Amino acid sequence: MKTTQYTFLLACIILPSLTTRAQDTLRTNQLEEITVNAFESRRNVLETTASVGVISPRTLERYSTTTFTNAVNSVPGVRMEERSPGSYRFSVRGSLLRSPFGVRNVKFYWNGIPLTDANGNTPLNSLDYASVGRMEIIKGPGSSVYGAGTGGVVLLSTAARNAENKVEQAVGFGSYGFQSRNTEVIIGDVSVRYGHQQQDGYRQHSAMVRDVFQFNSTSRLSDKATLSLLGIYSDLQYQTPGGINLAQYQRDPTLARQPTPTLPGSETQNAGIYTKYSLFGVQHKLNLSAHWDQSLSLYVTTNDFANPFITNYEKRSELGFGGRNVWTFSKNFANTNFQWTSGFEWQYGKSAQRNYNNDKGTPSGFQTSEDVRSTALTVFTQAEVKLLQSLTLNAGASVNANRYGYERFFPTPFSREQRKFDNVVSPRIAANQIFGRNWSLTASLSSGYSPPTLQEVRPSAGGFRTDLQPELGLNREVSLRRVGDRLRLDVTAYQFSLKETIVRRSDEQGAEFFINAGQTDQKGIEWRVDYDLLRGAGLLRDIKIWNAGTATNYHFNDYRQGTNDLGGNRLPGIPSFTQNTGLDIFLKGGVAAYATYQHAGKVFLNDANTVEAPAYDQLLLRLTWKKNWGNHFYSELSASADFVSAEIYSLGYDLNAFGTRYYNAAPKRTQWVGVKAGWRW
């Protein structure tokens, strides 16, 4: 990393401290806003023993309501990509290596209900933007409480409820045929929402349409019990343009994957994703006594999935169900608070998979017929002690068991196989010390375990991979935090060692497969600084500035491709330096203006480090006006614009792509406007 980048980092961290008054004290409302629930322990940001990035409703308001991408990318160490509309990738601290599309190695929960299924897949792109009101991203292994996964854990929440009933309608329009409509009705304990989004896309063959119906409710059954319901039905379809090579990008970046002498292109084959996903979940919380609490979450999911690809037409019919049970004992002893948390999580999934020939988007001749059954079990326990109101000690561990059962019906003869991974114990220890009222220092040591997902043991071309090994990781990190009246600071340094790293490959036909790539060593520094420049100065209500960034040094340690020794090469797809700088201006009368400058450094596109993509700079602007027209009617107007400066700009490269088809071009200029109106009573 260049000296100027170190200088920039130090300036962002040190200068606000020099200008902050010595009497800067903690504000209760600030701490409540950033209370985190990581590792089943509700603590404010100074006390928590976890490294957590919070995307609050205020953060979501800073960006256009078209995609989560910009809000997620403002969190240090976290990366979200959208190679084409609807095609999401989500990674934490380098887990992008396992993400040809979707989410790998990061576990998601939604209102306490597992969203990541037993197969290891997360239907993040099936959610509407308005479905989520808050994200809490735990960075690093969360296996001690949450089971399989070395990348991290994401806790999603629906928007916070208040005592008012309301009816609300929002519409939006933007570049490349973007349209959105959202309707929400809240009466009593019940919220019902419908969201529609569509766009033509920047590239050829990149249109997307999504319709989402959602309901949720939380009812108090008694003084000690609550019952929460969550349901969603999502109908998503999007075209997949596929990657192109550099010469094609330079000729016309909007091209879809082009035909070759032996294979047709994406448009000819009508390549795309069609998925109808449903989830119904219930969570019951019960206060058993002054010291005991328990919660039980149960869910069932279905997924009707189709993927016409260049070489085949994949159909999947999937069913999943499972639950999570957590027991908590808490008691105060003089100046000591003790909390013991134990429980288990069990998940089951069945995927009936059929592959056909693809005749221009229509299934034709039979290729394969296979069923895969998945089970995942995590049993965990954790103890946390807070001593003298300043020192918090946390220790926990889990036992994880995962198994796949495979049956092949065609081609014959029938075969049955099973892959059971060894039970793995994943411990974690951590300590947090508050000092000087506003400061805290946190250190942790945690291990992670991540078996191959269904899409890795059974890739899109079919077959069952019994040779893939689970990833095993060990994470060491230390964090320094400050929360004050004007200045908030969070700096984390970590080292993550990963064995049996799973990486993506693709063959000459473009079908992906996965291999274990030995060991990786991942060192990084993450930071975020927020500073309130001005408060209550006439027309100006507030002015805030902030900076967040990541500096990484990720390398393969022990990795060979044939006769080539790639040890020492940088991990592909991960920039060595990224930063976000923001300016938030709040005016009286409900007007707010937001500006964000984002820089992402160069990345390698293959394990051999022979192809590199250039850095890019992005400017995001947003203006909103909120108005209450009396006691009932309210409205909001908003406008957003994004500008990118880059020689090559892609929101998601295809790593290690065959035929050097790495590039998925994204637009360098986009605009969006929206209107929202509602009636509350």
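Modeller: Trp110 has Ile113 as its bridge partner in β6. This is a predicted model, and what follows should be read as such. The bridge belongs to the pairing of strand β5 (residues 106–110) with β6, where two bridges join the strands in an antiparallel run. Strands of a sheet pair through backbone hydrogen bonds, in either a parallel or an antiparallel sense. The sheet around this pair is open and has five strands in the order β1-β7-β8-β5-β6, with mixed pairing. Its edge strands are β1 (52–55) and β6 (113–114), each of which pairs on one side only.

Strand β12 (residues 208–220) and strand β13 (residues 225–239) are antiparallel and share 13 bridges. Four residues separate β12 from β13, and the two form a hairpin. Within this pairing, Ser217 has Leu229 of β13 as its bridge partner. β13 is also joined to strand β14 (residues 272–287), here by 15 bridges and again antiparallel. One of the bridge partners in β14 is Phe280, which faces Gly231 in that pairing.

Thr328 is placed in strand β16 (residues 313–333). Its relative accessibility is 16%, and the cut-off for buried is under 20%, so Thr328 counts as buried. Leaving aside residues up to four places away in sequence, Thr328 touches His291, Trp292, Asp293, Gln339, Trp340 and Thr341. Thr368 is part of strand β18 (residues 362–387). Thr368 has a relative accessibility of 11% and therefore counts as buried. With residues up to four places away in sequence again left out, the contacts of Thr368 are Gln353, Arg354, Asn355, Phe410, Pro411 and Arg458.

Turning to nonpolar packing, the largest nonpolar core has 35 residues, and those with the most contacts inside it are Phe90, Phe108 and Leu156. Another core, of 21 residues, lies apart from it and includes Ala657, Tyr663, Ala665 and Ala666.

The aromatic rings come next: the structure holds 26 aromatic pairs. In one of them, Tyr406 and Phe464, the ring centres are 4.6 Å apart and the planes are at 10°, so the pair is stacked. This pair links distant parts of the chain, 58 residues apart: Tyr406 is in strand β19 (residues 391–410), and Phe464 is in the loop between α7 (454–457) and β23 (471–483). Tyr406 and Phe464 are buried. The pair of Tyr662 and Tyr663 has its ring centres 6.0 Å apart and its planes at 90°, so it is edge-to-face. Tyr662 and Tyr663 are both buried. Together with Tyr249 and Tyr653, they are linked by ring pairs into a cluster. Tyr663 also belongs to the core of 21 residues.

Finally, two charged side chains are placed over tryptophan rings. The charged end of Arg528 sits over the ring of Trp546, 4.4 Å from the ring centre. For Lys627, the charged end sits over the ring of Trp629, at 5.4 Å from its centre.

Key
Residues are numbered from 1 along each chain as its sequence is written. This is a predicted model: local features need pLDDT of at least 70, side-chain atom pairs count only at pLDDT 80 or more; totals for chains, interfaces and linings use all residues. Side-chain values use heavy atoms; hydrogens and water are left out. Buried means under 20% relative accessible area, exposed over 50%, partly exposed in between (1.4 Å probe, protein chains only). Contact means heavy atoms within 4.5 Å. Two strands pair if DSSP finds at least two bridges between them. A nonpolar core is a set of buried Ala, Val, Leu, Ile, Met, Phe, Trp, Tyr and Cys residues joined through side-chain atoms within 4.5 Å. Rings of Phe, Tyr and Trp (its six-membered ring) pair if their centres lie within 6.5 Å; planes under 30 degrees apart count as stacked, over 60 as edge-to-face and the rest as tilted. A charge sits over a ring if NZ of Lys or CZ of Arg is within 6 Å of the ring centre and within 35 degrees of the ring normal.
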